[in-house]
Amino acid sequence: MQQEFRPLFRNPHVLTIAGNFWPRKIDARRFPCRRKQYRIDATTSILVLEHQPDIDPKGQIVFLHGLEGSASAGYIQSFAQEALVRGFGVHRANFRTCGGTEDICETSYHSGLTSDTRTILEKIAAWKRGPIFLVGFSLGGNVALKLTGELGQSSLIAGTCAVSTPIDLARCVRCIDKPTNVLYARRFLDRLKSRVKRKSALSPHLYSTADLDSVKTIWEFDDRFTAPLFGFGTAATYYATQSAAQFLDAIRIPTLVICAKDDPLVPYEIYDQPAFHSNPALTLIATDHGGHLGFLSRRLPRFWLDGVVLDWIGAISSSSLASGNAERIASAK
(Lines give C-alpha, C1' and ligand atoms only; values in the text may rest on other atoms or scores of the structure.)
Protein backbone atom coordinates (compact mmCIF):
# COMPACT_ATOMS: atom_id res chain seq x y z
CA MET A 1 0.00 0.00 0.00
CA GLN A 2 1.24 3.49 -0.83
CA GLN A 3 2.72 5.25 2.18
CA GLU A 4 1.30 8.70 2.88
CA PHE A 5 3.77 11.49 2.23
CA ARG A 6 4.45 13.62 5.29
CA PRO A 7 6.76 16.45 4.19
CA LEU A 8 9.81 17.50 6.14
CA PHE A 9 8.78 21.10 5.38
CA ARG A 10 5.47 22.50 4.19
CA ASN A 11 6.86 25.47 2.31
CA PRO A 12 7.20 24.36 -1.35
CA HIS A 13 10.23 26.56 -2.02
CA VAL A 14 12.07 25.21 1.02
CA LEU A 15 11.25 21.66 -0.08
CA THR A 16 12.39 22.34 -3.64
CA ILE A 17 15.71 23.84 -2.54
CA ALA A 18 16.31 21.27 0.21
CA GLY A 19 15.56 18.43 -2.19
CA ASN A 20 18.13 19.81 -4.61
CA PHE A 21 20.94 20.17 -2.08
CA TRP A 22 20.21 17.26 0.29
CA PRO A 23 23.30 14.98 0.47
CA ARG A 24 22.83 11.71 -1.42
CA LYS A 25 25.26 9.23 -2.90
CA ILE A 26 25.75 5.79 -4.39
CA ASP A 27 27.93 3.22 -2.63
CA ALA A 28 30.51 3.00 -5.43
CA ARG A 29 32.55 0.33 -3.61
CA ARG A 30 29.63 -2.05 -3.48
CA PHE A 31 28.20 -0.96 -6.83
CA PRO A 32 31.08 0.17 -9.09
CA CYS A 33 30.32 2.66 -11.86
CA ARG A 34 30.94 1.92 -15.53
CA ARG A 35 31.10 4.94 -17.86
CA LYS A 36 29.52 3.88 -21.15
CA GLN A 37 29.21 5.91 -24.32
CA TYR A 38 26.29 5.09 -26.59
CA ARG A 39 26.87 6.11 -30.19
CA ILE A 40 23.78 7.83 -31.58
CA ASP A 41 25.13 9.11 -34.90
CA ALA A 42 28.33 10.44 -36.45
CA THR A 43 28.30 13.58 -34.30
CA THR A 44 26.61 12.38 -31.11
CA SER A 45 27.45 10.02 -28.26
CA ILE A 46 25.59 9.84 -24.95
CA LEU A 47 27.39 9.18 -21.67
CA VAL A 48 25.56 6.80 -19.34
CA LEU A 49 26.77 5.84 -15.87
CA GLU A 50 25.90 2.19 -15.26
CA HIS A 51 25.83 0.21 -12.02
CA GLN A 52 24.76 -3.39 -11.53
CA PRO A 53 23.68 -5.09 -8.28
CA ASP A 54 25.75 -7.78 -6.61
CA ILE A 55 23.09 -10.38 -7.48
CA ASP A 56 21.42 -11.39 -10.73
CA PRO A 57 19.45 -8.25 -11.65
CA LYS A 58 15.67 -8.23 -11.33
CA GLY A 59 15.55 -5.68 -14.12
CA GLN A 60 17.13 -2.48 -15.42
CA ILE A 61 16.15 1.13 -14.67
CA VAL A 62 17.13 4.04 -16.93
CA PHE A 63 17.08 7.51 -15.35
CA LEU A 64 16.57 10.82 -17.18
CA HIS A 65 17.46 14.07 -15.40
CA GLY A 66 15.89 17.52 -15.52
CA LEU A 67 16.65 20.84 -17.21
CA GLU A 68 20.36 21.69 -17.03
CA GLY A 69 20.94 18.74 -14.71
CA SER A 70 23.05 15.64 -15.16
CA ALA A 71 23.31 11.96 -14.27
CA SER A 72 24.85 13.05 -10.96
CA ALA A 73 21.70 14.81 -9.72
CA GLY A 74 20.99 14.00 -6.09
CA TYR A 75 17.44 12.76 -6.74
CA ILE A 76 18.88 10.21 -9.17
CA GLN A 77 21.68 9.09 -6.85
CA SER A 78 19.43 8.23 -3.88
CA PHE A 79 16.94 6.47 -6.16
CA ALA A 80 19.72 4.54 -7.90
CA GLN A 81 21.25 3.47 -4.57
CA GLU A 82 17.95 2.08 -3.31
CA ALA A 83 17.28 0.39 -6.65
CA LEU A 84 20.67 -1.33 -6.53
CA VAL A 85 20.07 -2.52 -2.97
CA ARG A 86 16.77 -4.00 -4.17
CA GLY A 87 18.53 -5.85 -6.99
CA PHE A 88 18.01 -3.65 -10.07
CA GLY A 89 20.67 -2.51 -12.51
CA VAL A 90 20.67 1.25 -13.04
CA HIS A 91 21.67 3.48 -15.94
CA ARG A 92 22.08 7.20 -15.22
CA ALA A 93 21.87 8.90 -18.59
CA ASN A 94 23.15 12.36 -19.45
CA PHE A 95 21.26 14.28 -22.09
CA ARG A 96 23.32 15.70 -24.96
CA THR A 97 26.11 18.02 -23.73
CA CYS A 98 25.18 17.43 -20.07
CA GLY A 99 27.51 16.05 -17.43
CA GLY A 100 30.56 17.54 -19.13
CA THR A 101 29.92 15.87 -22.50
CA GLU A 102 29.96 18.91 -24.81
CA ASP A 103 32.91 17.47 -26.74
CA ILE A 104 31.06 14.27 -27.75
CA CYS A 105 27.78 15.92 -28.80
CA GLU A 106 27.60 18.47 -31.61
CA THR A 107 24.12 19.65 -30.62
CA SER A 108 22.39 20.05 -27.28
CA TYR A 109 19.14 18.47 -26.02
CA HIS A 110 15.55 19.65 -25.93
CA SER A 111 12.44 18.77 -23.92
CA GLY A 112 11.02 16.35 -26.47
CA LEU A 113 14.15 14.68 -27.85
CA THR A 114 13.28 11.00 -27.47
CA SER A 115 15.46 9.36 -30.14
CA ASP A 116 18.59 9.21 -27.96
CA THR A 117 16.77 7.53 -25.09
CA ARG A 118 15.12 5.05 -27.44
CA THR A 119 18.51 4.05 -28.87
CA ILE A 120 19.90 3.49 -25.38
CA LEU A 121 16.87 1.42 -24.36
CA GLU A 122 17.16 -0.75 -27.48
CA LYS A 123 20.81 -1.49 -26.78
CA ILE A 124 20.12 -2.35 -23.14
CA ALA A 125 17.20 -4.57 -24.19
CA ALA A 126 19.54 -6.57 -26.43
CA TRP A 127 21.42 -7.74 -23.33
CA LYS A 128 18.27 -9.51 -22.02
CA ARG A 129 18.95 -8.69 -18.37
CA GLY A 130 15.40 -8.36 -17.15
CA PRO A 131 12.53 -5.94 -17.82
CA ILE A 132 13.47 -2.30 -18.43
CA PHE A 133 11.90 0.65 -16.64
CA LEU A 134 12.19 4.31 -17.56
CA VAL A 135 12.17 6.99 -14.84
CA GLY A 136 12.27 10.67 -15.74
CA PHE A 137 12.47 13.74 -13.52
CA SER A 138 11.08 17.16 -14.50
CA LEU A 139 12.15 17.72 -18.15
CA GLY A 140 13.32 14.09 -18.22
CA GLY A 141 9.79 13.09 -17.28
CA ASN A 142 8.44 14.88 -20.34
CA VAL A 143 10.90 12.94 -22.50
CA ALA A 144 9.93 9.67 -20.78
CA LEU A 145 6.18 10.17 -21.19
CA LYS A 146 6.48 11.36 -24.79
CA LEU A 147 8.62 8.36 -25.71
CA THR A 148 6.25 5.97 -23.96
CA GLY A 149 3.38 7.38 -25.98
CA GLU A 150 5.38 7.11 -29.18
CA LEU A 151 6.18 3.46 -28.44
CA GLY A 152 2.54 2.55 -27.82
CA GLN A 153 2.28 -1.20 -27.21
CA SER A 154 5.97 -1.85 -27.79
CA SER A 155 7.54 -4.30 -25.34
CA LEU A 156 10.76 -2.27 -25.18
CA ILE A 157 9.96 -1.00 -21.69
CA ALA A 158 7.89 -2.64 -18.95
CA GLY A 159 6.92 0.56 -17.17
CA THR A 160 7.51 4.31 -17.03
CA CYS A 161 7.52 6.78 -14.16
CA ALA A 162 7.57 10.57 -14.51
CA VAL A 163 8.07 12.91 -11.54
CA SER A 164 7.34 16.66 -11.29
CA THR A 165 6.87 16.72 -15.05
CA PRO A 166 6.06 19.80 -17.17
CA ILE A 167 3.66 17.99 -19.51
CA ASP A 168 2.50 21.38 -20.86
CA LEU A 169 5.77 23.12 -21.69
CA ALA A 170 4.35 26.54 -22.58
CA ARG A 171 2.38 26.89 -19.36
CA CYS A 172 5.32 25.73 -17.28
CA VAL A 173 7.76 28.13 -18.91
CA ARG A 174 5.30 30.96 -18.27
CA CYS A 175 5.05 29.78 -14.66
CA ILE A 176 8.83 29.78 -14.19
CA ASP A 177 8.93 33.37 -15.41
CA LYS A 178 6.64 34.57 -12.60
CA PRO A 179 8.26 37.04 -10.18
CA THR A 180 7.93 34.51 -7.32
CA ASN A 181 10.16 32.10 -9.26
CA VAL A 182 12.88 34.58 -10.18
CA LEU A 183 15.63 32.61 -8.40
CA TYR A 184 14.84 29.42 -10.36
CA ALA A 185 14.44 31.28 -13.65
CA ARG A 186 17.74 33.10 -13.21
CA ARG A 187 19.56 29.87 -12.34
CA PHE A 188 18.15 27.98 -15.34
CA LEU A 189 18.78 30.87 -17.73
CA ASP A 190 22.34 31.43 -16.55
CA ARG A 191 23.12 27.75 -17.12
CA LEU A 192 21.48 27.72 -20.54
CA LYS A 193 23.46 30.78 -21.60
CA SER A 194 26.69 29.28 -20.29
CA ARG A 195 26.03 26.16 -22.33
CA VAL A 196 25.62 28.22 -25.51
CA LYS A 197 28.92 29.96 -24.82
CA ARG A 198 30.71 26.63 -24.34
CA LYS A 199 29.09 25.16 -27.45
CA SER A 200 29.94 28.24 -29.48
CA ALA A 201 33.62 27.55 -28.88
CA LEU A 202 33.20 23.95 -30.10
CA SER A 203 30.52 24.34 -32.80
CA PRO A 204 30.50 28.00 -33.93
CA HIS A 205 28.58 27.02 -37.09
CA LEU A 206 25.60 26.01 -34.91
CA TYR A 207 25.87 28.24 -31.86
CA SER A 208 26.27 32.02 -31.92
CA THR A 209 26.55 34.20 -28.84
CA ALA A 210 25.25 37.25 -30.71
CA ASP A 211 22.48 38.94 -28.69
CA LEU A 212 22.78 36.24 -26.00
CA ASP A 213 23.07 38.82 -23.23
CA SER A 214 19.79 40.42 -24.30
CA VAL A 215 17.82 37.22 -23.60
CA LYS A 216 15.91 37.73 -20.35
CA THR A 217 13.53 34.74 -20.15
CA ILE A 218 13.55 31.02 -20.90
CA TRP A 219 10.83 31.58 -23.52
CA GLU A 220 13.11 34.08 -25.30
CA PHE A 221 16.01 31.64 -25.06
CA ASP A 222 14.01 28.83 -26.63
CA ASP A 223 12.66 31.20 -29.29
CA ARG A 224 16.15 32.33 -30.32
CA PHE A 225 18.19 29.20 -29.78
CA THR A 226 16.36 25.90 -29.09
CA ALA A 227 13.53 26.19 -31.59
CA PRO A 228 15.60 27.32 -34.60
CA LEU A 229 18.39 24.81 -33.90
CA PHE A 230 15.98 21.86 -34.00
CA GLY A 231 13.75 23.09 -36.80
CA PHE A 232 10.71 24.12 -34.74
CA GLY A 233 10.86 27.72 -35.89
CA THR A 234 9.44 29.36 -32.78
CA ALA A 235 9.27 28.56 -29.08
CA ALA A 236 5.47 28.37 -29.32
CA THR A 237 5.69 25.64 -31.98
CA TYR A 238 8.41 23.83 -30.04
CA TYR A 239 6.29 23.74 -26.87
CA ALA A 240 3.10 22.78 -28.70
CA THR A 241 4.65 19.83 -30.53
CA GLN A 242 6.93 18.48 -27.81
CA SER A 243 4.71 18.58 -24.70
CA ALA A 244 3.97 15.12 -23.31
CA ALA A 245 0.30 15.94 -22.64
CA GLN A 246 -0.66 15.18 -26.23
CA PHE A 247 0.98 11.72 -26.04
CA LEU A 248 -0.80 10.47 -22.89
CA ASP A 249 -3.70 8.87 -24.78
CA ALA A 250 -1.28 6.70 -26.77
CA ILE A 251 0.45 5.17 -23.72
CA ARG A 252 -0.21 1.44 -23.43
CA ILE A 253 2.20 0.23 -20.74
CA PRO A 254 1.97 0.82 -16.96
CA THR A 255 2.89 4.45 -16.34
CA LEU A 256 3.09 6.23 -13.00
CA VAL A 257 3.01 10.03 -12.81
CA ILE A 258 3.85 11.73 -9.52
CA CYS A 259 3.47 15.43 -8.81
CA ALA A 260 2.96 17.83 -5.93
CA LYS A 261 0.00 20.18 -5.89
CA ASP A 262 2.21 22.96 -4.53
CA ASP A 263 4.99 22.61 -7.15
CA PRO A 264 6.13 26.20 -7.81
CA LEU A 265 7.41 25.38 -11.32
CA VAL A 266 4.78 22.95 -12.61
CA PRO A 267 1.20 24.14 -11.98
CA TYR A 268 -1.04 21.31 -10.85
CA GLU A 269 -3.78 22.45 -13.24
CA ILE A 270 -1.86 21.06 -16.24
CA TYR A 271 -2.65 17.55 -14.98
CA ASP A 272 -6.34 18.11 -15.61
CA GLN A 273 -6.06 15.87 -18.65
CA PRO A 274 -8.85 13.48 -19.76
CA ALA A 275 -6.25 10.75 -20.31
CA PHE A 276 -5.72 10.37 -16.57
CA HIS A 277 -9.36 9.30 -16.32
CA SER A 278 -9.79 7.40 -19.57
CA ASN A 279 -6.44 5.63 -20.03
CA PRO A 280 -6.13 2.60 -17.69
CA ALA A 281 -2.37 2.49 -18.25
CA LEU A 282 -1.94 5.80 -16.39
CA THR A 283 -1.77 6.26 -12.62
CA LEU A 284 -1.50 9.75 -11.14
CA ILE A 285 -0.30 10.36 -7.58
CA ALA A 286 -0.67 13.99 -6.51
CA THR A 287 0.59 14.89 -3.04
CA ASP A 288 -0.50 18.09 -1.27
CA HIS A 289 3.12 19.04 -0.63
CA GLY A 290 6.46 18.27 -2.23
CA GLY A 291 7.46 21.33 -4.20
CA HIS A 292 9.48 20.55 -7.31
CA LEU A 293 11.33 17.24 -6.86
CA GLY A 294 11.33 17.94 -3.14
CA PHE A 295 9.74 14.80 -1.73
CA LEU A 296 11.71 14.76 1.54
CA SER A 297 9.82 12.90 4.24
CA ARG A 298 9.53 14.02 7.86
CA ARG A 299 10.05 10.42 8.90
CA LEU A 300 12.51 7.82 7.74
CA PRO A 301 13.12 6.68 5.10
CA ARG A 302 13.80 10.28 4.09
CA PHE A 303 13.41 9.79 0.34
CA TRP A 304 9.72 8.91 0.13
CA LEU A 305 9.65 9.02 -3.65
CA ASP A 306 12.28 6.33 -4.11
CA GLY A 307 10.40 3.75 -2.05
CA VAL A 308 6.99 4.44 -3.60
CA VAL A 309 8.26 4.14 -7.17
CA LEU A 310 10.46 1.11 -6.47
CA ASP A 311 7.56 -0.70 -4.79
CA TRP A 312 5.55 -0.03 -7.96
CA ILE A 313 8.41 -1.17 -10.20
CA GLY A 314 8.93 -4.28 -8.06
CA ALA A 315 5.29 -5.28 -8.44
CA ILE A 316 5.42 -4.89 -12.22
CA SER A 317 8.76 -6.70 -12.41
CA SER A 318 7.41 -9.65 -10.43
CA SER A 319 4.35 -9.74 -12.66
CA SER A 320 6.54 -9.65 -15.78
CA LEU A 321 8.69 -12.51 -14.52
CA ALA A 322 5.67 -14.56 -13.57
CA SER A 323 4.13 -13.96 -16.98
CA GLY A 324 7.39 -14.93 -18.67
CA ASN A 325 7.63 -18.15 -16.67
CA ALA A 326 4.05 -19.06 -17.54
CA GLU A 327 4.75 -18.51 -21.23
CA ARG A 328 7.87 -20.69 -21.08
CA ILE A 329 5.98 -23.48 -19.28
CA ALA A 330 3.17 -23.30 -21.83
CA SER A 331 5.58 -23.44 -24.76
CA ALA A 332 7.33 -26.46 -23.25
CA LYS A 333 4.12 -28.54 -23.15
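**Helix packing and cavities**

In this predicted model, helix 3, residues 115-125, and helix 4, residues 139-151, have axes that come within 10 Å and cross at roughly 70°. Angles of 65 to 115 degrees count as roughly perpendicular, and helix 3 and helix 4 are therefore roughly perpendicular to each other. The crossing of helix 3 past helix 4 is right-handed.

Which residues make this contact? Helix 3 contributes T117, R118 and L121, while helix 4 contributes V143, L147 and L151. Sorted by class, the contact of helix 3 with helix 4 comprises four nonpolar residues, one polar residue and one charged residue.

Let me turn to the cavities. How many cavities of 30 Å³ or more does the structure hold? There are two.

The largest cavity has a volume of about 80 Å³. Its lining consists of R24, Y75, F137, V163, L293, G294, F295, F303, L305 and D306. Of the residues in this lining, seven are nonpolar, one is polar and two are charged.

The second largest cavity has a volume of about 50 Å³. I46, L64, A93, N94, F95, D116, T117 and I120 line this cavity. Its lining has five nonpolar, two polar and one charged residues by class.

Which element gives the most to the lining of the second largest cavity? Helix 3 does, with three residues. I would draw your attention to T117, which takes part in the contact of helix 3 with helix 4 and also lines the second largest cavity.

Note on methods. Residues are numbered from 1 along each chain as its sequence is written. This is a predicted model: local features need pLDDT of at least 70, side-chain atom pairs count only at pLDDT 80 or more; totals for chains, interfaces and linings use all residues. Side-chain values use heavy atoms; hydrogens and water are left out. Axes are lines fitted to C-alpha atoms, for helices over the stretch in contact, and angles run from 0 to 180 degrees between N-to-C directions. Helices (H or I, at least four residues) and strands (E, at least two) are DSSP runs, numbered from the N terminus. Angles under 35 degrees count as roughly parallel, over 145 as roughly antiparallel, 65 to 115 as roughly perpendicular and the rest as oblique. A crossing is left-handed if the near helix is turned anticlockwise from the far one by less than a right angle, and right-handed if clockwise. Contact means heavy atoms within 4.5 Å. Ala, Val, Leu, Ile, Met, Phe, Trp, Tyr, Cys and Pro count as nonpolar, Asp, Glu, Lys and Arg as charged, and the others, Gly among them, as polar. On a 1 Å grid over the protein atoms alone, a cavity is a set of points where a 1.4 Å probe fits but cannot get out, and a pocket is an open set with protein on both sides within 12 Å along at least five of seven lines; lining residues have an atom within 4 Å of a point. Grid points are joined across faces, edges and corners, and a volume is the space filled by probe spheres set on the points.
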